[in-house]
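Dear colleague,

I am passing on the structure below for you to look at. My notes on what was found in it follow directly after.

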Amino acid sequence: MGGGKLEAFKFSLYVAVPLALTAAVVLREDVLQAIIKSRSYVVYPPSDVTDEKIQDLLKKEQARKF
C-alpha cells in the first residue's frame, strides 16, 4: 500500500519521538525534578533504625554465636 518509504518514515517516527521526549525531559533538570516529585508512587514511612542500632545488633548476634 504505502511501500518501503512509508514504513521507513513510520519506523523513524517510532524511534525518534520517544528519544526526543526523553532528551527533552532529561536535559532540563527542573522538569525532571518536577516529574519525580509529582510521581512519588512509593512513600516510605520514617524509620527509627539507625546505623548505630544495626551495628549494636550485629555485635550482639556475633557475640551470641561465638
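A salt bridge is taken here as a side-chain nitrogen of Lys or Arg within 4 Å of a carboxyl oxygen of Asp or Glu. Please bear in mind that this is a predicted model, in which local features need pLDDT of at least 70 and side-chain atom pairs count only at pLDDT 80 or more, while totals for chains, interfaces and linings use all residues. Residues are numbered from 1 along each chain as its sequence is written, and side-chain values use heavy atoms, with hydrogens and water left out.

To begin with the overall form, the secondary structure of the chain consists of three helices and zero strands, where helices (H or I, at least four residues) and strands (E, at least two) are DSSP runs numbered from the N terminus. Read from the N terminus, the order of the elements is α-α-α. The radius of gyration of the chain is 26 Å, whereas a compact globule of 66 residues would have one near 11 Å; the value is taken over C-alpha atoms, and the globule rule is 2.2 Å times the number of residues to the power 0.38. The C-alpha trace spans about 75 × 30 × 20 Å along its principal axes.

Of the 66 residues, 0% count as buried, with buried meaning under 20% relative accessible area, exposed over 50%, and partly exposed in between (1.4 Å probe, protein chains only). The accessible surface of the chain comes to about 6,600 Å², and 66% of this belongs to carbon and sulfur atoms; these areas come from the Shrake-Rupley method with a 1.4 Å probe, and for residues only the protein chains shown count as cover.

Turning to the charged side chains, a search of the whole structure finds four salt bridges, and three of them are described here, starting with the one between arginine 64 and glutamate 61, whose closest N and O atoms are 2.4 Å apart. These two residues are separated by about one helical turn, because they stand three residues apart in helix H3 (residues 51–65). Arginine 64 counts as exposed because its relative accessibility is 61%, whereas glutamate 61, at 31%, is partly exposed.

A salt bridge also joins glutamate 7 and lysine 10 (3.2 Å, N to O), and both residues lie in helix H1 (residues 3–26), three residues apart, about one turn of the helix. Glutamate 7 is partly exposed at 46% relative accessibility, and lysine 10 is partly exposed at 43%.

In the salt bridge between aspartate 48 and lysine 53, the N to O distance is 3.9 Å. Here aspartate 48 counts as exposed, with 56% relative accessibility, while lysine 53 is partly exposed at 40%.

There is also a nonpolar patch on the surface, formed by Leu6, Phe9, Leu13, Val17 and Leu21, which together have about 460 Å² of accessible area. Patches are made of residues with over 30% relative accessible area and no salt bridge, like charges being joined within 9 Å and nonpolar side chains (Val, Leu, Ile, Met, Phe, Trp, Tyr) within 5 Å. Leucine 21 lies in helix H1 and is exposed, with a relative accessible area of 56%.

Alanine 20 also has its place in helix H1, and counts as partly exposed at 47% relative accessibility. From alanine 20 to glycine 2 the distance is 25 Å, C-alpha to C-alpha, for a separation of 18 residues in sequence.

With kind regards
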